[in-house]
Amino acid sequence: MKELEVIVEPLLEWFYKNKRELPWRSDPTPYHVWISEIMLQQTRVEAVKEYYKRFLNKLPDVSSLASVSDEELMKLWEGLGYYNRARNLKKAAGVIVKEYEGVIPGTYEELLTLPGIGSYTAGAISSIAYKKKVPAVDGNVLRVVMRVLGCFKNIDDAKTKKWLEEELIKILPEDVSSFNQALMELGALVCVPNGEPHCMNCPLQKYCKTFEHSLFQEIPVRKEKKKRRIEEKTVFIFYSKGKVALLKRKETGLLAGLYEFPNYDKKMTQKEVLKYLKEKKIEALKIEELPFAKHIFSHVEWHMQGYKIILDDFFETEEYIWSDLKDLNEKYAIPSAFITYLELVKKEIE
Ligand code: SF4
């Protein structure tokens with residue numbers, strides 16, 4: 001595709017001058033590229049930096065990742081969301097230890113067979129860490145190239161991605177690592193996903209059909225998103241003797257295996273809470289309404305009303321875990337859906 005060949009040189013020149021210094025760029029080993037790319041899926045670069053450092057500190061290589069406990073892994077991932085990403089990292093590390101003697105394979109095809117590694121991540125590891133001539137097409141790359149070409153293909157269609165991967169293979173330069181990263185970087189910094197792209201600072205402006213015809217609102221074309229389901233909840237923050245009550249979530253489904261504050265699938269008034277506690281034979285010394293909180297998942301929104309409930313003593317049931325501040329900080333992984341209440345709790349029991 002001649003149209004795309006022209007972007008290679010200006011894009012590389014721009015990248016050499018403008019690339020961000022990122023922790024995983026200073027030493028792009030296969031392990032570093034893999035961990036960072038998985039963390040960066042659905043998460044902003046700024047948010048990932050600290051997680052990445054902490055993760056590598058605790059789990060510096062494939063064998064430590066393969067043998068980490070699920071509890072510790074979830075704690076390291078706490079707040080990053082999409083927890084299956086972490087579970088798949090551990091599963092894949094197990095396969096690498098067992099079948100590849102602990103060495104991350106370098107070919108795109110082998111990488112694709114590992115849990116949690118799709119075509120984009122396989123392309124990123126293979127090209128950035130092993131310098132293999134394969135493309136790495138994510139949402140940023142799709143948006144940039146569709147805009148340059150003025151192409152109206154739907155970028156949520158798997159066929160579009162496949163098509164673009166095949167087209168990019170034809171123009172990949174020697175420095176494939178920089179080229180792939182340059183496309184991603186341009187999508188993150190210049191041809192941005194939200195709001196107007198910064199075309200005046202774009203090295204591809206001269207070749208860009210979207211700029212020429214002012215089409216940035218029309219391109220990229222995406223599938224219409226389904227409306228999110230709203231789930232109402234009441235969240236109980238039970239305190240007793242400087243500890244707070246937690247429950248472990250089921251091992252399957254949303255936020256599987258993580259810890260949460262006890263909650264009920266309906267929004268309750270204070271009066272209803274009192275009645276509910278009475279039915280459960282829970283004696284509260286004091287009940288106080290907490291702020292409303294909302295958390296957005298990809299397909300569902302939680303609308304939560306919290307209540308602080310002071311108890312005289314712990315419950316006599318086994319499923320409740322009474323945690324102090326140290327264990328909240330170091331042991332139990334609580335998803336960011338509960339961040340509003342978690343921050344209040346930490347202040348309360350510190
Ligand atoms: Fe995106 Fe504008 Fe650059 Fe075209 S010129 S690739 S629309 S930033």
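Helix 9 is followed by Lys 131, whose phi is positive, with a value near 55°. In this predicted model, Lys 131 takes that positive phi although the residue is other than glycine, and its place is in the loop that runs between helix 9 (119–129) and helix 10 (139–149). Helix 9 itself is largely enclosed by the rest of the structure, because eleven of its eleven residues are buried.

As a whole, the protein contains 16 helices and seven strands, and its C-alpha trace spans about 75 × 50 × 35 Å along the principal axes. Of the 350 residues, 49% count as buried, while the protein exposes about 18600 Å², of which carbon and sulfur atoms supply 50%.

Ser 240 lies in strand 1, which covers residues 229–240, and Ser 240 counts as buried because its relative accessible area, 2%, is under 20%. When its neighbours within four places in sequence are left aside, Ser 240 is in contact with Leu 311, Asp 312, Asp 313, Phe 314 and Trp 322. Gln 305 belongs to strand 6, which is formed by residues 300–311, and at 10% relative accessibility Gln 305 also counts as buried. With the neighbours within four places again left aside, the contacts of Gln 305 comprise Lys 233, Thr 234 and Val 235, Lys 267 and Met 268, Glu 289, Leu 290, Pro 291 and Phe 292, and Tyr 341. Of these partners, Lys 233, Thr 234 and Val 235 fall within the range of strand 1 (229–240), whereas Glu 289, Leu 290, Pro 291 and Phe 292 fall within that of strand 5 (284–296).

The second largest pocket has a volume of about 370 Å³. Of the 18 residues that line this pocket, those closest to its centre are Gly 81, Tyr 82, Leu 254, Leu 255 and Phe 297. Helix 7 (84–99) and strand 5 (284–296) each contribute at least two residues to the lining, and the lining residues divide into ten nonpolar, seven polar and one charged. Tyr 82, one of the residues closest to the pocket centre, is found in the loop between helix 6 (70–77) and helix 7. Although Tyr 82 is not a glycine, its phi is positive, at about 45°, and with a relative accessible area of 42% Tyr 82 is partly exposed.

Gly 257 lies in the loop between strand 2 (243–248) and strand 3 (259–260), and with a relative accessible area of 12% this glycine is buried. Not counting residues up to four places away in sequence, Gly 257 touches Arg 87, Lys 248, Arg 249, Lys 250 and Glu 251; one of these, Arg 87, falls within the range of helix 7 (84–99). Gly 257 and Leu 247, ten residues apart in sequence, are 9.8 Å apart in space from C-alpha to C-alpha.

A further backbone feature is the cis peptide bond that joins Ile 219 and Pro 220, for which omega is about 5°. Pro 220 is found in the loop between helix 13 (209–212) and strand 1.

The cysteines were considered last. A disulfide is a covalent bond between the sulfur atoms of two cysteines. A search of the whole structure finds zero disulfides. Cys 202 is buried, with a relative accessible area of 18%, and Cys 208 is likewise buried, with a relative accessible area of 12%.

Definitions and conventions: Residues numbered from 1 in each chain as written. Predicted model: local features only at pLDDT ≥ 70, side-chain atom pairs only at ≥ 80, totals over all residues. Heavy atoms only, no water. 1 Å grid on protein atoms, 1.4 Å probe; cavity = no way out; pocket = protein on both sides within 12 Å on 5 of 7 lines; lining within 4 Å. Points joined across faces, edges and corners; volume = space filled by probe spheres on them. Helix = DSSP H or I, 4+ residues; strand = E, 2+ residues; numbered from the N terminus. Nonpolar A, V, L, I, M, F, W, Y, C, P; charged D, E, K, R; others polar. Buried < 20%, exposed > 50% of the residue type's maximum accessible area, 1.4 Å probe, protein only. Contact = heavy atoms within 4.5 Å. Disulfide = S-S within 2.5 Å. Areas by Shrake-Rupley, 256 points an atom, 1.4 Å probe, with all protein chains shown as cover.
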